[in-house]
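Please keep the sequence and the structure in view while reading.

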Amino acid sequence: MVKIAFFYEYILLPPRWVVYLEISKYKLPKAENYTYGETPYITMYKIIRDVGSVVDIGGRFFVDLGCGVGKTVFTAKIMFNLKSIGVDNISTFIQKANRIKNLLGKLVVSAQDLEFIKADIEEYLSDQFDKICKERMFIYIPSTAFEEDFFCRIVEKIVSKAYNCLIVTLSKSIPKSIRQLALSSNKTLILLFSRSYYFSWGRNRVYAYYLFQQAESNR
């Protein structure tokens with residue numbers, strides 16, 4: 001029954017069709033920012049593992065800004081025991097992720113440190129991000145389909161509010177202007193590595209950054 005339930009949640013309605021239906025139904029703005037693609041479990045595992053080989057990830061708060069049905073969030077929680085949050089503006093994805101969380105909660109993972117939030121990404125960063133911005137975080141931005149301006153606004157909000165944060169972006173590197181913004185706030189934003197990984201649409205370059213207060217030396 002559990003296998004059937006997982007199959008139902010992940011396979012019954014194709015994710016790209018879900019996105020199309022909700023964009024049409026709710027008249028979501030900037031539809032081009034909702035192009036759907038998935039980060040496979042094994043790819044997310046490799047990304048978190050590789051970041052963890054450079055900077056300590058223990059005890060960090062994992063946040064996926066555009067989590068879909070939560071595959072990256074479940075990977076961070078189950079494989080690395082990170083407190084995890086998934087944010088997405090597609091109601092159906094959040095509902096599916098919460099149902100899967102409830103199924104997993106009965107089997108292998110506590111639901112205590114696992115949360116899915118239905119919200120626009122920019123609104124989340126403006127209204128709810130303050131609750132955790134002082135935590136040691138690991139933020140994942142699946143930005144392949146994001147417009148450049150939208151992507152930059154997201155990163156600017158993170159850099160302006162966060163103190164000790166790992167930031168992983170897909171396809172897009174963080175502009176030099178935002179690194180200068182970090183310096184003006186007495187923070188440093190450095191590139192840890194840039195590597196290619198496999199995604200549902202093919203291989204894609206991933207950029208991993210570390211944002212920290214200049215006085216820190218706890219890498």
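## The α7 and α8 helix pair

In this predicted model, helix α7 crosses helix α8 in the right-handed sense. The two helices, α7 spanning residues 148-161 and α8 spanning residues 176-184, pack at an angle of about 15°, and their axes lie 10 Å apart. Because angles under 35 degrees count as roughly parallel, α7 and α8 are therefore roughly parallel to each other.

The contact between these helices involves Cys-152, Val-155, Glu-156 and Val-159 on the α7 side, which meet Ile-178, Leu-181 and Ala-182 on the α8 side.

## Burial of strand β1

Strand β1 covers residues 61-65, and because five of its five residues are buried, this strand is largely enclosed by the rest of the structure. The burial extends to both faces of β1, with Phe-61, Val-63 and Leu-65 buried on one side and Phe-62 and Asp-64 buried on the other.

## Strand partners of β1

Between β1 and β2 the chain passes through helix α4, residues 71-80, in a β-α-β crossover that is right-handed.

Strand β1 also pairs with strand β4, residues 136-141, again in the parallel sense, here over four bridges. In this pairing, Phe-62 of β1 has Phe-138 of β4 as its bridge partner.

Key: Residues numbered from 1 in each chain as written. Predicted model: local features only at pLDDT ≥ 70, side-chain atom pairs only at ≥ 80, totals over all residues. Heavy atoms only, no water. Buried < 20%, exposed > 50% of the residue type's maximum accessible area, 1.4 Å probe, protein only. Right-handed = clockwise from strand over helix to strand, strands pointing away. Pairing = 2+ DSSP bridges. Axes fitted to C-alpha atoms, helices over the stretch in contact; angles between N-to-C directions. Parallel < 35°, antiparallel > 145°, perpendicular 65-115°, else oblique. Left-handed = near helix turned anticlockwise from the far one by under 90°. Contact = heavy atoms within 4.5 Å.
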